[in-house]
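Work through the exercises below with the sequence and the 3D structure open. Each task is followed by its solution.

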Amino acid sequence: MAYEVNQTLPRSFGRLKSSESTTSTLGSHLRRLVASFLPRYGLLLAFLAFWQVSSTEGWINPAIFPPLNVILSALWTNLANGALLDDIAISLQRAGTAFAFAVVIGIPLGLFMGQVRAVEQALDPILQLFRQTSALALYPIFILLLGLGETSKIFVIFWATLFPVLLATIGGVKEVDQKLIEMARTYGAGPLTVFRRVILPASVPAIFVGLRLSATTALLLLIAAEMIGANKGIGFQVMNAQYNFQIPLMFAAILLLAFLGLAANALLVLLQHRLCRWSQPSA
């Protein structure tokens with residue numbers, strides 16, 4: 001009997017020590033998670049909490065700044081009944097089409113201009129002039145030329161999103177280390193091989209910076225484009241809700257746009273990490 005008790009006690013102590021070790025490990029993981037989360041999102045969480053409390057307690061006018069739970073409820077209701085789903089699809093189609101055209105035109109043109117200095121010097125002044133001209137200021141001209149339909153909306157978004165991609169690509173090509181190009185030529189690499197193995201990979205990080213800026217710009221211009229002569233889209237819903245004083249729905253549409261922007265940026269960052277593993281700092 002004493003032998004059985006002596007055998008059972010070490011097993012119990014072993015299980016207890018294992019449980020304490022697991023709890024300690026989970027606690028350390030939780031502390032690390034909180035330590036990494038709070039510095040990045042603590043201020044945002046504090047702002048949202050202040051908004052909720054201020055609106056609920058009447059410190060700010062809840063008719064103008066509704067509580068966050070009311071905004072989220074309006075967002076969920078309009079998503080659940082399908083009222084916003086068509087607007088999301090139409091807005092993504094407009095912004096996505098314009099962004100795709102900007103990528104297809106901007107990246108090849110930027111790669112060409114970055115390597116041919118004479119072409120860059122000839123086109124740079126007019127590009128800088130167009131870049132400094134607001135796309136919204138040109139929107140009435142696009143409407144006169146292209147009409148009030150989808151073409152003018154897509155074109156104004158394309159116009160604004162082209163320049164970040166184009167200029168970032170040119171800058172990425174010009175910043176390639178010339179010693180790498182000379183070394184490749186020394187080893188007998190031809191122009192096409194130098195471009196494919198040296199210039200293009202070295203330019204990809206800068207190109208992704210331009211893509212992220214263009215994606216953000218596309219969503220910003222989308223709102224302005226859909227506020228004029230549109231009857232569908234998230235931008236139209238923002239204006240329509242404001243006209244009808246549906247303030248929770250207006251903030252819900254704005255919040256939805258913010259989520260779409262964050263999702264687009266996260267997708268591009270993930271793609272950049274996949275394609276540019278060699279450029280990421282080692283842990």
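This is a predicted model: local features need pLDDT of at least 70, side-chain atom pairs count only at pLDDT 80 or more; totals for chains, interfaces and linings use all residues.

Residues are numbered from 1 along each chain as its sequence is written, and side-chain values use heavy atoms, with hydrogens and water left out.

**Exercise 1.** State how many helices and strands the protein has, and what share of its residues is buried.

Solution. Take helices as DSSP runs of H or I with at least four residues and strands as runs of E with at least two, numbered from the N terminus. The protein then has 10 helices and 0 strands. Next, count a residue as buried when its relative accessible area is under 20% (1.4 Å probe, protein chains only). Of the 283 residues, 33% are buried.

**Exercise 2.** Find where α4 bends.

Solution. Start with the span: α4 covers residues 117-132, 16 residues, and reaches 22 Å from first to last C-alpha, close to the 22 Å expected at 1.5 Å a residue (1.5 Å times one less than the number of residues). Then compare axes fitted to the seven residues ending at a position and the seven starting there. The bend is about 40 degrees at leucine 123, and proline 125 follows within four residues.

**Exercise 3.** Describe how α7 packs on α8.

Solution. Helix α7 (residues 178-186) and helix α8 (residues 191-226) pack at about 145 degrees, with axes 10 Å apart. Then list the residues with heavy atoms within 4.5 Å: Leu180, Ile181, Ala184 and Arg185 of α7, and Val194, Val198 and Ile199 of α8.

Terms used. Axes are lines fitted to C-alpha atoms, for helices over the stretch in contact, and angles run from 0 to 180 degrees between N-to-C directions. Buried means under 20% relative accessible area, exposed over 50%, partly exposed in between (1.4 Å probe, protein chains only).
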